[in-house]
Amino acid sequence: MTDPKPVSGGPDVLERALGDAHDPDNPLGYEAVLAADERAEILPAGEAALDAYGFNAEYVPRRLGGRLGRIDRLMRMMRTVSRRDPTLALGHGFTNYISGSAMWTAGSDVQQKRMADILLSGGKTAAGYNELAHGNDFTRTDLTATPSADGSHYRINGRKQIVNNLGRADAVVLLARTGAGPGNRSHSHLWVDLTQAPADRLRRDYRFPTVGLRGCLIGGADFTDLEVPADAPVGPVGSAMETVLRAFQTTRAVLPGMMVGTADTQLRTVTRFALDRALYGRSVADLPHARATLVGAFLDLLAGDCMATVACRALHVLPGQTSVITAVNKYVVPKVLHRSSQTLGTLLGANSYWRNGRYGIFQKFYRDLPAITFAHANAAVCQATTLPQLPRLAATSWGTAEAPPAALFDLSAPLDDIDYQALELTSRGADQLTALLHDHAGGPALPPAAARIAALLRADLDDLGGRCRRLPPSEHSVVAGRSGFALAERYAQLSMAAACIGVWQHNQNGVDPFLRDDAWLTGALARVAARLGHDVGALPDVVEQRLFAELTAREEDRAGFDLDRSRLAPA
């Protein structure tokens with residue numbers, strides 16, 4: 001193994017390399033992004049820029065020569081690219097990390113070295129899971145890998161579809177059926193070198209056009225008696241589902257945080273429109289409804305970032321509990337951001353359909369945002385991961401669990417490198433995150449307005465606990481009906497509220513005065529409470545004015561709307 005590379009410049013350095021997004025002469029600007037989208041291709045200059053940066057090193061652990069240590073860093077790097085173009089973020093190669101996560105979790109030293117060498121040399125790998133007939137139900141995979149009689153190789157037959165970058169990947173981590181039985185032990189991951197596959201054994205020249213992420217190379221592959229070596233399985237034969245349950249915790253943490261960058265650009269576009277466009281003799285931003293819409297989207301973005309950041313940090317701080325935390329994150333953050341996107345679109349009006357011009361980027365990102373959600377482990381899968389654990393969480397943790405450690409929320413707290421082996425298949429009833437709805441003793445007292453809303457949410461958690469403990473077994477299984485999934489929805493919203501409380505409490509000594517402000521916490525909790533059916537009324541004028549002033553100041557200062565207040569490239 002090679003010595004770890006030093007961590008290169010972070011999101012700010014990458015953002016400056018991408019340049020001014022609004023410069024029409026910038027080959028990495030929005031005009032170029034839109035032109036590439038019209039051609040249904042990934043921005044060529046964008047791929048070249050990421051290659052020059054060595055972006056693939058972000059996906060490779062430091063012990064293997066890459067820059068991957070903290071998952072929250074990976075999330076913020078992906079967010080920087082996604083703020084410019086979600087297609088570039090996914091299409092250039094987040095699939096490299098999805099396949100890599102399985103390898104870093106279960107691969108042998110030799111396999112991990114092969115994967116690292118491909119990525120660090122600028123190559124690409126794919127994650128071969130999906131089959132159109134079964135969607136995200138990996139237990140019904142039809143593609144087979146059959147061992148030879150002498151044990152010297154496996155023979156692969158079948159097809160994979162809707163797989164990003166499969167047509168141009170150097171290798172694929174392939175989910176295959178290696179046993180005839182219906183159980184989880186009948187599936188394995190295989191490491192397949194695609195560059196060595198004979199043309200008559202592998203076809204991968206077709207593509208599935210998409211509405212969102214139009215430039216991503218979503219393709220398929222047909223395998224016909226393709227022989228791979230006996231050492232192709234990644235981990236023990238039959239262990240694929242356990243690997244998936246561990247590895248996907250990290251991808252479910254990163255993708256929603258990446259989407260915050262997409263939402264940032266949408267909010268920035270509509271804020272600029274509202275400030276510039278005159279209506280009824282004043283700017284659109286002066287209209288009460290428009291201002292409330294912008295502030296609401298700002299609060300949703302902050303709450304989404306709180307949840308995503310906590311999910312990423314939990315992988316390091318509370319790895320035994322992230323089977324639930326990351327599933328909740330992957331469900332609730334995309335849902336909240338997608339609703340905000342729809343609301344912002346109504347404010348932009350007819351301009352939300354323009355495919356070019358100053359506001360043209362909105363329609364592209366509007367199509368891209370929900371497509372990111374379905375790119376990996378969709379909402380139903382995440383709820384199905386959470387729901388079976390709710391009764392035990394209710395019986396074991398809710399109302400009695402200790403408050404989580406401060407490092408889960410403190411944005412300045414150091415973290416060790418990610419340990420994939422520490423991730424557990426289930427949380428075993430442990431849930432310290434929502435303990436913040438019961439116990440605020442780990443930080444400063446909540447401001448009065450926020451405390452009143454938190455009391456409502458605490459009562460919601462208590463009620464949810466009773467409902468979950470009474471659930472019949474059929475309602476917390478894969479055949480659960482509407483009532484079971486409704487409980488999972490409520491739990492996800494309460495988890496987001498707890499994440500907001502924790503971030504506010506444990507960053508009171510941070511450098512950003514806004515994070516110490518009562519206004520964003522009160523507003524974010526109010527948004528959660530409203531989604532749970534509480535009539536909390538409109539935000540007080542003074543709170544809304546404070547938040548709107550922050551929003552417009554960040555727009556003028558070219559600062560991100562996220563927790564980090566990311567610096568955008570100068571004009």
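I take buried to mean under 20% relative accessible area, exposed over 50% and partly exposed in between, with a 1.4 Å probe and protein chains only. I am working on a predicted model, in which local features need pLDDT of at least 70 and side-chain atom pairs count only at pLDDT 80 or more, while totals for chains, interfaces and linings use all residues. Residues are numbered from 1 along each chain as its sequence is written, and side-chain values use heavy atoms, with hydrogens and water left out.

**Entry 1, salt bridges.** I searched the whole structure for salt bridges and the search gave 50, a salt bridge being a side-chain nitrogen of Lys or Arg within 4 Å of a carboxyl oxygen of Asp or Glu. I looked up Glu555 and Arg272, whose side chains form such a bridge at 3.1 Å, N to O. Glu555 belongs to helix α16 (residues 541-557) and Arg272 to helix α7 (residues 240-276), so this pair ties together parts 283 residues apart in sequence. Helices here are DSSP runs (H or I, at least four residues), numbered from the N terminus. I noted that Glu555 and Arg272 are both buried.

I then turned to Asp37 and Lys364, which meet in a salt bridge of 3.8 Å, N to O. This pair links distant parts of the chain, with Asp37 in helix α2 (residues 30-38) and Lys364 in helix α10 (residues 361-374), 327 residues apart. Asp37 and Lys364 are both buried.

For Asp200 and Arg201, I found a salt bridge with the closest N and O atoms 3.4 Å apart. Asp200 counts as exposed because its relative accessibility is 54%, whereas Arg201, at 31%, counts as partly exposed.

I checked how helix α4 (residues 71-84) packs on helix α8 (residues 288-317), and the angle is about 145° with the axes 8 Å apart. The axes are lines fitted to C-alpha atoms over the stretch in contact, and angles run from 0 to 180 degrees between N-to-C directions. From α4, Ile71, Asp72, Met75, Arg76 and Arg79 meet residues of α8 that include Asp305, Cys312 and His316, contact meaning heavy atoms within 4.5 Å.

I looked up the length of α13 (residues 448-469), which has 22 residues and spans 32 Å from first C-alpha to last, close to the 32 Å expected at 1.5 Å a residue; the expected span is 1.5 Å times one less than the number of residues. Among the buried residues of α13 I listed Ala450, Ile453, Leu457, Asp460 and Cys468. The cover over the buried residues of α13 includes α12 (390-396), α14 (482-505) and α15 (518-531).

Notes: Helix = DSSP H or I, 4+ residues; strand = E, 2+ residues; numbered from the N terminus.
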